[in-house]
Amino acid sequence: DQDTVPPVIDGAQDWEVFVGDPIAYKAGITVTDDKSKNPKLAVDNSQVDTEKAGTYPVTYTATDDAGNSTSVTVNLTLVDKPEGYVEPEVVYDLAQKVLDEITTEGMTQMEVAFAIYRWTTTHIGYVGTSDKSSWTGAAYVAFTERSGDCYNYFAAAKAMYEVAGIENVDVVKS
């Protein structure tokens with residue numbers, strides 16, 4: 001029985017990264033094949049200039065043991081970091097300090113989530129507007145200035161949920 005079906009590439013989609021940040025080209029990409037157990041995946045990122053903002057093509061090519069191949073090309077957009085950008089590690093450190101104060105060993109995830117909710121609603125003073133160019137910047141303001149709007153509340157909570165290992169999803173307003 002001759003193999004004539006090429007592998008399938010899943011997860012390849014356009015994405016955005018800050019100039020200078022590491023790029024994990026294969027993150028989230030899976031390759032499956034009807035007969036080959038380990039089809040090979042090659043990434044052509046030769047046109048990407050990691051030091052310059054712009055949109056670049058990245059081509060994924062999957063090949064199975066029989067030599068059948070399929071390719072998918074996506075766009076990688078590199079953007080300059082916004083002014084005042086805060087690295088996630090800085091925000092996660094601040095989130096950990098708050099978590100150390102508001103949680104105890106043995107709390108369930110639900111109890112930790114409620115403690116995070118309670119902290120954001122009682123320790124961040126509401127103001128009518130905020131800079132929404134970066135969730136990390138918004139979280140930094142929430143932790144250090146203890147003020148902000150709904151976006152700051154979200155960003156501080158997101159940082160604490162992630163540090164606590166609680167799955168969460170960003171809801172994006174369209």
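**Exercise 1. Is Asp 149 buried or exposed, by its relative accessible area?**

Solution. The model is predicted, so local features need pLDDT of at least 70 and side-chain atom pairs count only at pLDDT 80 or more, while totals for chains, interfaces and linings use all residues. Residues are numbered from 1 along each chain as its sequence is written, and side-chain values use heavy atoms, leaving out hydrogens and water.

Step 1: buried means under 20% relative accessible area, exposed over 50%, and partly exposed in between, with a 1.4 Å probe and protein chains only. Step 2: Asp 149 has a relative accessible area of 5% and is therefore buried.

**Exercise 2. Trace the salt bridges of Lys 158.**

Solution. Step 1: Lys 158 forms a salt bridge with Glu 162, the closest N and O atoms being 3.0 Å apart. Because these two residues are four residues apart in helix H4, about one helical turn separates them. Step 2: Asp 170 also forms a salt bridge with Lys 158, again with the closest N and O atoms 3.0 Å apart, and this pair links distant parts of the chain, since Asp 170 sits in the segment after H4, 12 residues apart from Lys 158. Step 3: Lys 158 is buried at 10% relative accessibility, while Glu 162 at 32% is partly exposed, as is Asp 170 at 36%.

**Exercise 3. Which residues have the most contacts inside the largest nonpolar core?**

Solution. Step 1: a nonpolar core is a set of buried Ala, Val, Leu, Ile, Met, Phe, Trp, Tyr and Cys residues joined through side-chain atoms within 4.5 Å. Step 2: the largest has 24 residues, and Val 91, Ile 116, Phe 143 and Met 160 have the most contacts inside it. Step 3: H4 gives the most to this core, with seven residues.

Notes. A salt bridge is a side-chain nitrogen of Lys or Arg within 4 Å of a carboxyl oxygen of Asp or Glu.
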